[in-house]
Amino acid sequence: MGVEQTKTLGNGFVTTSLDKLVNWSRAKSLWPMTFGLACCAIEMMAAGAARFDLDRMGVLFRASPRQADVIIIAGTVTKKMLPVIKTVYEQMPEPKYVIAMGACASSGGVFDTYSVVQGIDEELPVDVYVPGCPPRPEGLLYGLMKLQEKIMKERNSFGAAIGVGEVVNEA
Amino acid sequence: MATETMTINMGPQHPSTHGVLQLVLELDGEVVVKATPHIGFLHRGTEKLSEHRTYHQVIPLTDRLDYLAPMSNNLGYVLAVEKLLGITDKIPERANNIRVIMAELTRIKSHLVWLATHALDIGAMTVFLYCFREREEITDIYEKVSGARMTTNYFRVGGLCDDLPEGLDAEIRAFAESMPGHLETYEGLLTGNKIWQKRTMDVGVISGEDAVDIGLTGAALRASGVDWDLRRDASYCNYDEFDFEVPVRTEGDTFARYKVRLDEMRQASRIILQALDKLKPGPILADCPQVCLPPKKDVVNTIEGLIHHFKIITEGFTPEEGEVYVGIEAPKGELGYYLVSDGSTHPYRMKVRPPSFVNLQALPQMVEGALLADVIATIGTLDIVLGEIDR
Amino acid sequence: MSKQVVEKLKAEFGALVLAEAEHRGETTVTVERTEIVKICTFLRDACGYNLLSDLCGVDYLGRTPRFEVVYNMYSISAKTRLRVKVLVEEADASVDTVSGVWSTANWHERECWDLMGISFNNHPDLRRILMPADWQGHPLRKDYPVQGPDREPYQGRLS
């Protein structure tokens with residue numbers, strides 16, 4: 001019925017190995033942007049501190065969206081803050097990923113009120129949801145590892161990088 | 001030569017603003033002419049939501065106000081409800097002692113995060129890692145006592161949720177005894193450091209009268225020469241039975257506030273050790289069956305226990321009509337709860353007086369005429385947390 | 001101690017003091033709305049209440065007057081608290097600002113305007129502080145739905 005297949009470089013041995021190389025380099029050095037909004041931000045800082053070191057996973061917190069791969073929305077998203085989040089998200093270069101950390105970012109959390117957006121997935125495409133209020137730092141680490149698995153399963157990443165077709169995400 | 005000022009925007013997404021704070025700065029070169037804070041990016045409607053919850057169900061909401069010092073928010077709210085009910089003198093001694101221990105641990109925890117982020121903003125990254133290492137020990141204690149690392153929800157109206165587990169008082173004692181040693185480490189890294197002194201001395205100065213007029217409370221007020229501490233002056237729990245000093249300095253600059261908070265941490269360790277010595281076995285909930293949940297064995301074995309448990313969980317208790325205002329000495333200043341009751345199971349109005357909200361008001365006058373880098377130091381020294389500013 | 005303050009207040013202002021109450025050890029004085037600045041200046045200068053802890057509005061929907069503005073103050077030297085209230089009608093929901101007496105009232109009054117809709121005369125900068133600048137309505141009023149006006153109200157039982 002004419003479902004268009006996205007153009008890819010193909011599934012040969014060389015192309016899939018190049019895809020794996022690109023995926024590996026993206027997954028093992030995810031640079032998040034610090035978007036700590038509320039209480040989850042403190043657990044994110046604790047995850048980056050001495051006991052649950054995030055640096056050993058290649059994660060380096062960048063303050064500028066232009067240098068970041070993934071945005072971790074940690075905390076409650078309010079309607080006043082939403083345009084700011086969208087501006088910052090649009091400034092991030094492709095490929096970019098979104099992790100919704102905590103109950104408030106996933107679905108509004110405890111705060112079912114007039115000023116809270118009920119989940120950041122109303123506006124941004126979320127890749128990984130990390131539940132908890134706040135999630136333990138190990139929970140955030142697990143969420144990052146799940147994101148790494150998701151990136152490793154992408155196809156045609158090398159092709160997309162050189163301009164041939166798009167990245168194909170298996171469900 | 002005609003000059004004009006430049007208006008720049010700092011935040012709401014900024015690594016050094018301690019949360020979602022927007023500062024619109026008017027600069028003449030590097031010198032700040034005017035600073036206007038814009039808040040409200042984390043307004044979650046806690047006060048409105050508390051009008052639709054029973055008194056017990058509001059306690060987890062208060063955890064998330066000042067999320068760096070969750071037990072002290074709980075304490076303020078629970079004290080306000082107990083005053084509204086009129087059961088303040090029925091709280092058992094063990095519950096009061098444990099409340100004091102937890103409140104002082106929370107003070108140390110909050111000041112550790114303050115020191116970590118303040119030093120990180122000014123450039124000392126090692127202090128951040130050391131302070132978070134100590135903070136992890138406190139979160140371990142929190143987790144053993146309440147189940148959660150941060151949003152503990154540990155206090156209840158009438159006492160505590162649960163008693164201390166076995167062996168925890170030895171752990172708390174070991175921590176409180178090790179704290180002065182850690183403080184010496186931080187002082188060794190920062191106090192004599194020429195860079196730290198140049199960045200913090202004579203930065204963000206505010207006088208005592210201006211501080212009282214603008215409503216500044218907490219360590220910032222004490223560093224400007226005003227000797228005021230609610231634990232000593234308007235005592236709550238059983239703070240009047242403890243022996244502690246209130247550090248006061250007169251310079252009113254960032255360095256003075258830094259020294260005052262370090263001394264507060266030392267005094268907090270002293271109070272914890274005294275409270276641990278006073279700890280005796282006993283009940284942890286007041287003897288008010290209408291308000292406090294009965295112990296589980298009464299719930300399953302006696303009919304009164306079952307009925308009370310059912311009514312308290314499904315409906316909640318009803319205080320008399322009236323209003324109270326309770327202010328406690330939270331780590332950041334005076335945390336006040338103004339509760340109005342109309343005789344129903346829900347609070348009619350809960351107003352939280354957040355210390356950071358009022359402390360932030362002092363920022364524009366503290367940074368006028370200062371350099372842009374001093375703005376960062378001043379935000380850090382005011383010790384603001386946006387969760388409680390915006391509620 | 002608070003009793004003496006109330007006596008001093010009555011001696012100075014007489015008919016402007018409308019009511020006084022004492023509950024759980026706290027003293028509350030209700031005063032005339034139009035003279036609040038004079039009364040607060042007297043309390044600050046003559047009675048020593050130099051720290052305004054809190055200023056908030058309360059909405060008593062269904063009662064006239066509908067609103068109350070509550071001033072919780074503290075005296076650092078005498079270590080006592082006092083609560084002063086003024087009654088505000090819905091039709092003319094405005095009070096004189098006390099930010100000339102205590103500068104800390106500035107942001108508290110902005111928040112009261114933002115969330116309750118009580119405006120303050122002669123306020124240096126009365127605009128919304130917690131809600132976005134173009135928000136319609138005053139959320140903390142009792143007739144404002146907790147989930148916001150643009151959502152279906154929750155049908156189940158919350159508590």
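Tutor: Let's start with surface. Accessible areas come from the Shrake-Rupley method with a 1.4 Å probe, and for residues only the protein chains shown count as cover. Before we use that, note that this is a predicted model, in which local features need pLDDT of at least 70, side-chain atom pairs count only at pLDDT 80 or more, and totals for chains, interfaces and linings use all residues. Residues are numbered from 1 along each chain as its sequence is written, chains are lettered from A and ligands numbered from 1 in the order written, and side-chain values use heavy atoms, without hydrogens and water.

Student: What does the accessible surface of chain A come to?

Tutor: About 7900 Å², with 58% of that belonging to carbon and sulfur atoms.

Student: How many helices and strands does chain A have?

Tutor: We count DSSP runs: helices (H or I, at least four residues) and strands (E, at least two), numbered from the N terminus. Chain A has 6 helices and 4 strands, and their order from the N terminus is α-β-α-β-α-β-α-β-α-α.

Student: What share of the residues in chain A is buried?

Tutor: Buried means under 20% relative accessible area, exposed over 50%, and partly exposed in between (1.4 Å probe, protein chains only). In chain A, 49% of the 171 residues are buried.

Student: Which residues does Ser72(B) touch?

Tutor: A contact means heavy atoms within 4.5 Å. Leaving out residues up to four places away in sequence, Ser72(B) touches Thr106(B), Ile328(B), Ala330(B), Pro331(B) and Leu335(B).

Student: Now the rings. How many aromatic pairs are there over all chains?

Tutor: Rings of Phe, Tyr and Trp (its six-membered ring) pair if their centres lie within 6.5 Å; planes under 30 degrees apart are stacked, over 60 edge-to-face, and the rest tilted. That rule gives 15 pairs over all chains. One of them joins Tyr236(B) and Tyr239(B), edge-to-face at 5.2 Å centre to centre with 70° between the planes. Both of these tyrosines are buried.

Student: Why does the pair of Tyr348(B) and Tyr60(C) count as stacked?

Tutor: Their planes sit at 15° and their centres 5.4 Å apart, so the pair is stacked. This pair crosses between chains: Tyr348(B) is in the loop between strands S7 (333-341) and S8 (349-353) of chain B, while Tyr60(C) is in the loop between strands S3 (51-59) and S4 (67-75) of chain C. Both Tyr348(B) and Tyr60(C) are buried.
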